[in-house]
Amino acid sequence: MEGNGSIDMFSEVLENQFLQAAKLVENHLDSEIQKLDQIGEDELELLKEKRLAALRKAQQQKQEWLSKGHGEYREIVSERDFFQEVKESEKVVCHFYRDTTFRCKILDRHLAVLAKKHLETKFLKLNVEKAPFLCERLRIKVIPTLALVRDGKTQDYVVGFTDLGNTDDFTTEILEWRLGCSDVINYSGNLMEPPFQSQKKFGTNFTKLEKKTIRGKKYDSDSDDD
């Protein structure tokens, strides 16, 4: 009987130790959970503050862009205007056009849409007949041509519709992608995957985006003979 009593006493002691250990673990976990809850609230408040600060900054940036003429597709009337406009904005797309070239009107429609979508970029148009010196300086020979300007320097060109699939029926998404390839807009898609049009890719034109040298014999349109 004494042996059984010793076993019962040992079991009771062991059970009490186990319960005490479990209680300590439980208390420790409760303390840690409380700490995590407190940290979570602090972090949440910090995230809210950062989010609000980011929203305020974005709103201020938007207002600054709008004050500089971003958000709409505008015509400028002189070479002096061009230099002033590109000086005050980081990213500029300028369409060199001519009234008698119908493909310029096609570009107009797409650029008007993109100007509203991409406030970070200024979208302009300039009649080549009012800017002979600038066209000579930029070696613009084919109409229409888009000059893609970053930090006051012309970095790239979209000449005619070659990079847009050699078709008049290209989509706004195709032009958007092409501008994104030159980092003149903030493009959210995958630059390695050009948009489809009519479920068909446009050959190799979309993959050849190296810097181009614009050549030509005269101011001419790639559409006047069509």
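Where is the place of Asn166?

Reply: Happy to walk you through it! This is a predicted model, in which local features need pLDDT of at least 70 and side-chain atom pairs count only at pLDDT 80 or more, while totals for chains, interfaces and linings use all residues. Residues are numbered from 1 along each chain as its sequence is written, and side-chain values use heavy atoms, with hydrogens and water left out.

Asn166 sits in the loop between strand 6 and helix 5 (172–181). Helices and strands here are DSSP runs numbered from the N terminus: a helix is H or I with at least four residues, and a strand is E with at least two. Asn166 counts as exposed because its relative accessibility is 53%. For that label, exposed means over 50% relative accessible area, buried means under 20%, and partly exposed lies in between, using a 1.4 Å probe and protein chains only.

The backbone at this spot also deserves a look. Most residues other than glycine have a negative phi, and most peptide bonds are trans. Asn166 is not a glycine, yet it has a positive phi of about 55°. Asp183 also has a positive phi, near 60°, and it lies in the loop between helix 5 and strand 7 (220–221). Asp183 is partly exposed, with a relative accessible area of 40%. As for peptide bonds, the one from Ile143 to Pro144 is cis, with omega near 5°. You can find Pro144 in the loop between strand 4 (142–143) and strand 5.

Two strands count as paired if DSSP finds at least two bridges between them. Strands 5 and 6 form a hairpin with two residues between them, and Asp151 in the turn has a positive phi of about 55°. Strand 5 (residues 145–150) is largely enclosed by the rest of the structure, because five of its six residues are buried.

Strand 5 leads you on to strand 2, since DSSP pairs these two in the antiparallel sense over six bridges. Here Lys91 stands opposite Arg150 of strand 5. Strand 2 (residues 91–97) also runs parallel to strand 3, with six bridges joining them, and Phe96 stands opposite Leu126 there. Strand 3 pairs with strand 1 (residues 73–76) as well, in the parallel sense and over four bridges.

How does strand 3 (residues 122–127) sit in the structure? Six of its six residues are buried, so strand 3 is largely enclosed by the rest of the structure. In a regular strand the side chains alternate between the two faces of the sheet. In strand 3, Lys122, Leu124 and Leu126 point one way, whereas Phe123, Lys125 and Asn127 point the other way.

A helix takes part here too: strand 2, helix 3 and strand 3 make a right-handed β-α-β unit. Right-handed means that, with the strands pointing away from the viewer, the path from the first strand over the helix to the second runs clockwise. His110 belongs to helix 3 (residues 102–117), and it is buried, with a relative accessible area of 10%.

Leaving aside residues up to four places away in sequence, His110 touches Phe170, Thr171, Thr172 and Leu175, where touching, or contact, means heavy atoms within 4.5 Å. The side chain of His110 also reaches the backbone oxygen of Phe170 at 3.3 Å. That is a polar contact: a pair of N or O atoms within 3.5 Å where, within protein, one must be able to donate a hydrogen and the other to accept it, and where residues adjacent in sequence count only if both atoms are side-chain atoms.

One last stop is helix 2 (residues 79–88), whose buried residues are Glu79, Phe82, Glu85 and Val86. Seen down the helix axis, these fall within an arc of 120°, so they line one face of helix 2; the arc is that of the directions from the axis to the C-beta atoms. Arg80 and Lys87 are exposed on the other side. Strands 1, 2, 3 and 5, together with helix 4 (132–137), are among what covers the buried residues of helix 2.
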